[in-house]
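Subject: Handing over a two-chain model

Dear colleague,

I am passing this structure on to you, and I would be grateful if you could look through it with the notes below at hand.

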Amino acid sequence: MNRRTATSVGDVGKYVPALSSALRPRPLTELAAWGGPRLVRGKRVLDLGCGDGRLALGVAPFAKTVDGLDPDRAGIASAKRRARAEGVRNARFAVGAAQSLPYDDGVFDVVILSWTL
Amino acid sequence: MVDALHEVHRVLAPRGILVDARPDSRLLAYAERRSGGTYQRYGVVNTARLEQANDRASDRAIEHVVREGLFKPKRHGRIWHRVPFDSLAALRLYLWDHLRFVRRARWTVDAPTRRRHANDPFAIRRAVRYEVLERVAP
């Protein structure tokens with residue numbers, strides 16, 4: 001896993017803005033609780049409400065593909081920048097709403113609603 | 001919320017997995033002071049009423065789609081997560097800004113003790129619940 005992804009959240013001793021993903025658990029901490037990397041390994045994953053891509057980029061090293069969707073354009077722009085910077089090639093991000101998903105039927109193996117519903 | 005879960009059901013493959021994870025407002029959060037490698041509890045922090053109502057609505061939405069037979073629960077649990085701050089003032093500022101929590105902690109240590117340690121690192125420790133569900137064919 002990319003080192004930057006592993007250390008980009010949860011920095012100790014700093015005040016960070018309330019909406020920042022740095023206030024969330026590390027992606028691998030959450031993934032471990034849910035069942036570990038095998039939950040997403042080789043799977044087509046949708047991170048619904050992905051924000052700045054915190055979780056999507058965290059699970060991308062294990063997944064076949066990761067799609068991130070969020071209504072926040074700034075968040076999606078940030079996720080795309082992070083994906084480019086971290087060299088993540090199997091993640092795509094788009095602006096959209098959960099009530100009308102821009103995907104065909106049955107195209108995902110795992111859908112994650114992390115701090116979304 | 002139920003509409004979104006119907007959409008999730010649509011885009012999931014047969015026996016696909018849905019993970020729902022979010023802060024657990026049914027449990028108090030804690031304001032803690034870090035001392036060396038350990039944390040001491042200095043107070044408790046309630047979730048704002050509006051957020052508690054939103055969380056209950058989310059719970060009901062999940063229960064609804066389970067009752068509809070679209071998903072079946074596989075497992076659930078909870079993790080505890082610390083949000084770190086470099087001082088008591090930073091923690092207070094966070095509570096003031098953050099809509100999820102009430103704006104003031106309920107302190108369980110006296111004011112002189114808080115003042116004495118005001119420049120120490122603090123944290124808010126809160127519960128995050130998760131539920132893993134499996135898509136059921138309609």
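The notes that follow begin with conventions, then take each chain in turn, and end with the contact between the chains.

Please bear in mind that this is a predicted model, in which local features need pLDDT of at least 70 and side-chain atom pairs count only at pLDDT 80 or more, while totals for chains, interfaces and linings use all residues. Residues are numbered from 1 along each chain as its sequence is written, and chains are lettered from A, with ligands numbered from 1, in the order in which they are written.

Chain A

Chain A contains 4 helices and 4 strands, where helices (H or I, at least four residues) and strands (E, at least two) are DSSP runs numbered from the N terminus, and their order along the sequence is α-α-β-α-β-α-β-β. Of its 117 residues, 48% count as buried; a residue is called buried if 20 or more other C-beta atoms lie within 10 Å of its own, exposed if 12 or fewer, and partly exposed in between, with C-beta atoms placed from the backbone. Two residues are in contact if their C-beta atoms, placed from the backbone, lie within 7 Å, and among the contacts in chain A between residues at least 6 apart in sequence, 58% join residues at least 24 apart.

One residue to look at is Asp70(A), which lies in strand E2 (residues 65-70) of chain A. Asp70(A) is buried, because 25 other C-beta atoms lie within 10 Å. Leaving out residues up to four places away in sequence, Asp70(A) touches Gly49(A), Cys50(A), Gly51(A), Gly75(A), Ile76(A) and Val95(A).

Chain B

Chain B has 4 helices and 6 strands, which follow the pattern α-β-β-β-α-β-α-β-α-β along the sequence. Of its 138 residues, 33% count as buried, and the C-alpha trace spans about 60 × 30 × 20 Å along its principal axes.

Helix H3 (residues 88-97) of chain B has as its buried residues Leu88(B), Leu91(B), Tyr94(B) and Leu95(B). Seen down the axis of H3(B), these fall within an arc of 120° (the arc of the directions from the helix axis to the C-beta atoms), so they line one face of the helix. Their cover includes strands E2 (29-35), E3 (38-45), E4 (71-85) and E6 (122-135) and helix H4 (111-116) of chain B.

Where the chains meet

The contact takes 32 residues from chain A and 34 residues from chain B. On the side of chain A that touches chain B, helix H2 (27-34), strand E1 (44-48) and strand E4 (108-114) of chain A each supply at least two residues, and the largest share, 7 residues, comes from E4(A).

E4(A) is also joined by 6 bridges to strand E1 (residues 12-23) of chain B, the two running parallel; strands are said to pair if DSSP finds at least two bridges between them. Within E1(B), Leu18(B) is the bridge partner of Val111(A).

With best wishes
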